[in-house]
Amino acid sequence: MTESATLPSRTINVRLPSELYQQLEDLARATSRTKSFVTVEALSSYVAAQRWQIQDIEAGLAQAEQGDLSSEEEVATVFARHGA
């Protein structure tokens, strides 16, 4: 069980496309977990990834506002290194 199982919880209702619901049921059955468990795990992963991206974007915007920008040469070097 995840740590969230011991924390206070709230209930939400979500309308899923039939195909996604079936995939959720299949995954829950295959892993001997509840649909709620699988859903919480999936949402936790998604929210963590989105939070990281938002924090990274906000940090970049703060640097830009402070004038901490890369030169054209630095940008060209990065693009060249990654084949862009």
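Me: Where do I start? How many helices and strands does the protein have?

Reply: Start with the secondary structure. The model is predicted. The protein has three helices and zero strands. Along the sequence, the pattern reads α-α-α.

Me: How do I judge the overall shape? What is the radius of gyration of the protein?

Reply: Set the value beside that of a compact globule. For 84 residues, such a globule would have a radius of gyration near 12 Å. The protein has 21 Å. Now look at the spans. The C-alpha trace covers about 55 × 30 × 25 Å along its principal axes. Of the 84 residues, 4% count as buried.

Me: Can you show me two residues that lie apart? How far apart in space are glutamine 23 and alanine 80?

Reply: Their C-alpha atoms are 42 Å apart. In sequence, 57 residues separate the two. Glutamine 23 belongs to helix 1. With a relative accessible area of 42%, glutamine 23 is partly exposed.

Me: Next, charges. How many salt bridges are there?

Reply: The count comes to two salt bridges. In one, lysine 35 pairs with glutamate 25. Their closest N and O atoms are 3.9 Å apart. The cut-off is 4 Å, so this pair counts.

Me: Which parts does the pair of lysine 35 and glutamate 25 tie together?

Reply: Find each residue in its helix. Glutamate 25 lies in helix 1, residues 18–30, and lysine 35 in helix 2, residues 35–65. The pair therefore ties together parts that are 10 residues apart in sequence. Lysine 35 is partly exposed, at 32% relative accessibility. Glutamate 25 is also partly exposed, at 22%.

Me: And where is aspartate 26, relative to arginine 29?

Reply: Think about helix geometry. An α-helix has 3.6 residues a turn, so residues three or four places apart point the same way. Aspartate 26 and arginine 29 are three residues apart in helix 1, about one helical turn. These two form a salt bridge, with closest N and O atoms 3.3 Å apart. Aspartate 26 is partly exposed at 35% relative accessibility. Arginine 29 is exposed, with a relative accessible area of 56%.

Me: Now the rings. How many aromatic pairs does the whole structure hold?

Reply: In general, a pair of aromatic rings is described by the distance of the centres and the angle of the planes. A search of the whole structure finds zero aromatic pairs here.

Me: Which residue has its charged end over the ring of phenylalanine 37?

Reply: Arginine 33 does. Its charged end sits 4.3 Å from the centre of the ring.

Me: What is found in the loop between helix 1 and helix 2?

Reply: Threonine 31 is one of the residues there. A polar atom of its side chain lies 2.8 Å from the backbone oxygen of leucine 27. Threonine 31 is partly exposed, at 39% relative accessibility. Serine 32 has its place in that loop too. At 67% relative accessibility, serine 32 is exposed.

Me: What phi does glycine 67 take?

Reply: Glycine 67 takes a positive phi of about 85 degrees. Its place is just after helix 2.

Note on methods:
Residues are numbered from 1 along each chain as its sequence is written. This is a predicted model: local features need pLDDT of at least 70, side-chain atom pairs count only at pLDDT 80 or more; totals for chains, interfaces and linings use all residues. Side-chain values use heavy atoms; hydrogens and water are left out. A salt bridge is a side-chain nitrogen of Lys or Arg within 4 Å of a carboxyl oxygen of Asp or Glu. Helices (H or I, at least four residues) and strands (E, at least two) are DSSP runs, numbered from the N terminus. Buried means under 20% relative accessible area, exposed over 50%, partly exposed in between (1.4 Å probe, protein chains only). Rings of Phe, Tyr and Trp (its six-membered ring) pair if their centres lie within 6.5 Å; planes under 30 degrees apart count as stacked, over 60 as edge-to-face and the rest as tilted. A charge sits over a ring if NZ of Lys or CZ of Arg is within 6 Å of the ring centre and within 35 degrees of the ring normal. A polar contact is a pair of N or O atoms within 3.5 Å; within protein, one must be able to donate a hydrogen and the other to accept it, and residues adjacent in sequence count only if both atoms are side-chain atoms. The radius of gyration is taken over C-alpha atoms; the globule rule is 2.2 Å times the number of residues to the power 0.38.
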